[in-house]
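Please have the sequence and the model open.

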Amino acid sequence: MADRRPSYHANHTGELFDELLVVMIQRGDRRALDRLHHRWNTRLLRAARRYCGDIDAAADLVQDSWIGIWKGLPNLRNPARFRSYAFSVLHRRGADHLRTTIKERAAIQDHDGDIDVADTAPLSPPAQSESAAIAQAFAKLPPDQRLAAHLHYVEGVTLKEIAMIQSIPEGTAKSRLFHARRALKAALTDNF
């Protein structure tokens, strides 16, 4: 599989542009806010979808995250850290979403007695391509491992940044990536 991460130069240029946009937003430029949203919404949506699995829930999560991002941007002391800041907000909102979902499922299970909500969910069709197999393998990961793997392999976020985003020690972030990589490798080896 080819490495799809952007080159250092392209990535660095994008980070500088994001930093400039944050500074402009902090000075009251509304167009810069729209531009930052345009540049980042798809990336946040992609991460949120991996986080919660459902496109509608992911869209709601990203919209909620943007509210938090916009409210906090004036207080962001280091505009160069926007990427970590944005994913941190998404992670906190995503964790809240997961807690709510777990509580709702528990309430449904208590109400429905012996009916298991997981048994009533429709099964997705078998993987037809490599990308579908990868998506299915990601979906099987626990949420924290899924987010860490997405941030690292898709977004190119460093181990240190993952630790900061998920509010965990670097060793825990490294462990999550290790277990995610092992599970992904096992799942993909079984499919191919």
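## A charge over a ring

The charged end of Arg43 sits over the ring of Trp40, 4.1 Å from the ring centre. A charge counts as over a ring if NZ of Lys or CZ of Arg is within 6 Å of the ring centre and within 35 degrees of the ring normal.

The model is predicted: local features need pLDDT of at least 70, side-chain atom pairs count only at pLDDT 80 or more, and totals for chains, interfaces and linings use all residues. Residues are numbered from 1 along each chain as its sequence is written, and side-chain values use heavy atoms, without hydrogens and water.

## Aromatic pairs

The whole structure holds four aromatic pairs. Rings of Phe, Tyr and Trp (its six-membered ring) pair if their centres lie within 6.5 Å; planes under 30 degrees apart are stacked, over 60 edge-to-face, the rest tilted.

Trp40 and Phe82 form an edge-to-face pair, 5.3 Å centre to centre with 80° between the planes. Trp40 lies in helix H2 (residues 30–52) and Phe82 in helix H4 (residues 82–112), so the pair ties together parts 42 residues apart in sequence. Helices are DSSP runs (H or I, at least four residues), numbered from the N terminus.

Phe82 and Tyr85 form a tilted pair, because their centres are 6.4 Å apart and their planes at 55°. Ring pairs link Trp40, Phe82, Tyr85 and Phe87 into a cluster.

## Glu155

Glu155 lies in the loop between helix H7 (143–154) and helix H8 (159–166). Glu155 is buried, at 4% relative accessibility. Buried means under 20% relative accessible area (1.4 Å probe, protein chains only).

Not counting residues up to four places away in sequence, Glu155 touches Arg43, Arg46, Arg83, Phe87 and His150. Contact means heavy atoms within 4.5 Å.

Methods:
Helices (H or I, at least four residues) and strands (E, at least two) are DSSP runs, numbered from the N terminus. Buried means under 20% relative accessible area, exposed over 50%, partly exposed in between (1.4 Å probe, protein chains only).
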